[in-house]
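Please open the model in your viewer and keep the sequence panel beside it. The stops below say what to select next and what to look for there.

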Amino acid sequence: MATIQDKIAALCPEAQFEQADVLQVTVPEAKWHDLAVALRHDADLAFDYLITIVGMDWQESMGCIYYMMSTSRGNETLAVKVIAAGTRKSPYLPSVFDVWAVATLYEREVYDFFGIIFVNNPDMRRLFLSIDWVGYPLRKDYDTDPKLNPISTESERQSDFTDTWTLEKGKLVKNEVRVFQPEDFVVNIGPQHPSTHGVLRFRTCIDGETIKKIDVYMGYIHRGIEKLMEGLTYPQCLPFLDRMDYFSAQNYHSGMCRLVERAAGIKISRRAEVIRVMMDELSRIASHCLFMGTFCMDLGATSMLFYTLRVREQILDIMEKTCGARMTFNYPCIGGVMQDLHPDFQKDVKALLEIIPANIKEYQKLFTGNVIAKERMVGVGLLSKEDAISYGVTGPSGRASGWSCDLRKIRPYSIYPELDFEEVLATEGDSMARFNVRLHEIEQSAKILEQLVDNIPEGEYCVKVPKVIKLPAGHWFEMTEGCRGVLGIYLESDGGTTPYRVKLAPPCLPLAGVVDHITEGMKIADLITIGGSLDYIIPDMDR
Amino acid sequence: MEVTTKSMPYDAWKDNEYIEKLVKELQDNGTNVIVGSLDKLINWGRSNSLWPLTFATSCCGIEFVSLGAARFDMARFGWEVARSSPRQADFMMVAGTIVNRMVPVFRRLYDQLAEPKYVIACGSCAISGGPFLKSYHVAKGIADIVPVDVYLPGCPPRPEAMIYAIMQLSRKIKVERFFGGVNRQEKQQEFLREHPVAGVND
């Protein structure tokens with residue numbers, strides 16, 4: 001760590017360092033852009049993956065914390081804290097969109113929630129809320145009066161323009177730029193469309209059948225989870241994690257529990273760890289099964305859905321016996337898991353493991369080898385490794401581009417270091433690779449389950465935790481491998497029973513952000529293939 | 001008159017009171033034998049081929065997918081023809097949270113459904129806002145936006161519960177009066193009068 005610290009201190013003498021769980025550097029706003037360029041391009045630093053931008057309102061000041069990772073240098077993480085310049089009415093920061101491609105989207109998100117203007121960002125619109133929305137909801141002084149922002153059945157005001165801000169002689173100047181040119185032909189896809197996997201909207205500019213540009217319009221299921229959490233105790237926050245990416249419910253839930261446990265200094269039993277990992281892997285299989293079903297259905301192979309849902313139903317049965325629910329399980333809790341395993345658990349998991357290899361063979365036969373499927377998937381939606389990192393595309397989609405981004409391997413948590421499994425990687429980066437990576441991940445998850453099913457240690461499933469959980473003042477950052485990629489959770493506590501700020505950095509937001517980049521020049525029919533193969537979950541990106 | 005379906009005895013239904021009230025209303029008003037028989041015929045057809053709209057915003061939608069798959073198999077009841085276009089669908093299962101930005105879209109989808117149309121509020125979010133009740137960007141239940149026929153609690157409801165809800169809906173359709181009685185269209189007009197929208201002439 002010392003070398004990074006020295007290096008940054010040499011680049012920016014004003015930098016202040018703080019060693020939390022991640023090394024945090026505080027730099028002045030004026031130096032931030034130059035430092036960002038150095039952090040990204042300097043060979044000794046090479047922080048090429050921007051995990052998330054956490055907008056913050058500390059009441060006396062506002063700012064952002066940038067979490068980044070260096071993929072080439074042992075996946076080291078770094079946090080950079082920058083306090084915004086300007087007044088509370090119009091705080092501003094320099095944009096880093098030219099350093100990390102995904103920053104364009106993240107900065108829009110921060111602008112939407114906090115009103116921090118990013119100077120030079122080419123697209124400074126609101127992301128989830130309408131253009132006429134009054135106030136910035138995640139600011140601490142936000143007025144929640146529903147009269148200010150009434151629910152209306154009138155169509156939302158739309159604009160063909162976006163804003164960019166420049167700084168001229170210390171003053172912010174706003175410029176309007178067209179999203180599409182007047183001569184462009186724009187087709188609207190969504191929000192009610194069976195192939196967008198929920199309520200996502202693409203404003204697609206096409207030339208004949210070829211896609212020129214896509215403007216992803218989200219927020220049709222933005223439920224304000226981050227703000228809701230600020231008023232709830234830590235155990236009460238947990239159920240929202242299940243309702244983000246409902247396929248990764250177990251993974252997200254245990255990730256959040258792990259974060260709170262680490263912050264509160266709670267050590268959980270090994271039995272609970274094993275149960276959590278097993279549930280995570282079962283979720284992963286169920287999730288990838290449903291992905292294959294819906295993806296093939298998008299491509300026209302409806303029967304595939306029935307084959308894959310067969311396995312999923314079997315997994316849901318296992319979970320239901322133990323957790324009592326088919327979805328939104330709310331099973332892991334702070335200190336372990338809610339209740340002990342059902343007596344049939346081991347028997348059921350073994351029965352599942354027995355049928356999985358035959359099922360995978362069947363999927364291969366039915367679909368992967370199919371000439372129509374190949375025609376539609378091979379070479380469609382190419383994403384290079386560099387772009388995957390720059391756009392922050394993690395999970396199976398990132399691994400299909402050759403980026404080794406499986407947190408279970410590169411930053412192992414829980415009991416993953418002891419387990420024998422492989423990270424599935426592909427190099428093609430097309431839709432076929434994304435499909436295959438998921439198919440093979442089922443095999444690897446089954447391998448993990450095989451190792452654990454007979455080795456569930458005895459012990460308590462939940463350790464004793466205080467009735468009221470209070471965290472010391474401080475901040476923590478935790479990353480979890482969900483079924484679709486890396487979920488980053490930032491938690492800041494002011495010493496009370498409720499979080500001061502929770503930031504959930506979902507994997508699906510960058511997945512939607514990359515759609516414009518990889519569909520450019522493809523045919524409009526390929527948009528469905530590409531969207532399906534990226535496998536984003538809309539409530540996850542919108543939160 | 002016991003309103004039930006072939007597969008389920010009358011006593012197995014949990015809430016017969018509401019249907020009995022509808023039946024009583026129907027009998028009190030009285031009708032001509034021919035018109036009554038025609039009503040029965042039309043209702044028989046309608047209640048047995050309910051086509052849903054493929055509409056889901058969040059978690060409940062996945063249970064709706066499970067409902068369509070082999071295990072729960074809604075094709076047994078004649079509901080499997082899920083349409084992507086509202087103009088071809090009979091009812092809308094509002095599966096998931098409806099947020100501010102979605103409200104106009106949702107309302108438009110409802111308006112595009114062809115008469116007679118029905119709405120099932122599926123899951124706690126659609127009923128009341130559910131766990132997101134206190135959020136700044138969530139509609140507190142869809143009853144303020146469209147008229148709801150069946151409320152289906154759960155977070156998310158199990159596929160079996162969804163089957164029950166759609167069967168309830170089909171029972172409701174069985175006691176409807178197409179000729180002479182209260183028609184859906186009038187009901188909608190009434191609803192629109194009660195919920196005026198600024199600038200829109202209903």
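The model is predicted, and local features need pLDDT of at least 70, side-chain atom pairs count only at pLDDT 80 or more, while totals for chains, interfaces and linings use all residues. Residues are numbered from 1 along each chain as its sequence is written, and chains are lettered from A and ligands numbered from 1 in the order in which they are written.

**Stop 1: the domains of chain A**

Where they touch, 21 residues come from domain 1 of chain A and 22 residues from domain 2 of chain A, a contact meaning that the C-beta atoms of two residues, placed from the backbone, lie within 7 Å. On the side of domain 1 of chain A that touches domain 2 of chain A, the largest share, 6 residues, is supplied by β3(A). That side of domain 1 divides into 16 nonpolar, 3 polar and 2 charged residues; here Ala, Val, Leu, Ile, Met, Phe, Trp, Tyr, Cys and Pro count as nonpolar, Asp, Glu, Lys and Arg as charged, and the others, Gly among them, as polar.

**Stop 2: a sheet in chain A**

Zoom in on β1(A), which pairs with β2 (residues 23-27) of chain A in the antiparallel sense over 4 bridges. A:Phe17 has A:Val25 in β2(A) as its bridge partner.

**Stop 3: a helix pair in chain A**

Select α6 (residues 249-264) and α7 of chain A, whose axes come within 7 Å and cross at roughly 145°. The contact is made by A:Ala249, A:Gln250, A:Asn251 and A:Ser254 of α6(A) together with A:Arg276, A:Met279, A:Asp280 and A:Ser283 of α7(A).

**Stop 4: the nonpolar core**

Which residues of the largest nonpolar core touch the most other members? Among its 215 residues, they are A:Ile116, B:Met92, B:Val94 and B:Ile120. Such a core is a set of buried Ala, Val, Leu, Ile, Met, Phe, Trp, Tyr and Cys residues joined through C-beta atoms within 7 Å. Its largest share, 15 residues, comes from α7 (residues 270-298) of chain A.

**Stop 5: chain B against chain A**

Display both chains: 36 residues of chain B are in contact with 37 residues of chain A. On the side of chain B that touches chain A, α3 and α4 (103-112) of chain B each supply at least two residues, and the largest share, 5 residues, comes from α4(B). This side of chain B contains 21 nonpolar, 9 polar and 6 charged residues.

**Stop 6**

Go to B:Tyr118 in strand β3 (residues 118-122) of chain B. Is B:Tyr118 buried or exposed? B:Tyr118 counts as buried because it has 23 C-beta neighbours inside 10 Å; a residue is buried if 20 or more other C-beta atoms lie within 10 Å of its own, exposed if 12 or fewer, and partly exposed in between, with C-beta atoms placed from the backbone. Leaving aside residues up to four places away in sequence, B:Tyr118 touches B:Asp90, B:Phe91, B:Asp149 and B:Leu169.

Finish at B:Arg83, in the loop between α3 (60-68) and β2 (91-95) of chain B. With 16 other C-beta atoms within 10 Å, B:Arg83 is partly exposed. Its C-alpha atom and that of B:Leu53, 30 residues apart along the chain, are separated by 4.9 Å.

Conventions. Pairing = 2+ DSSP bridges. Axes fitted to C-alpha atoms, helices over the stretch in contact; angles between N-to-C directions.
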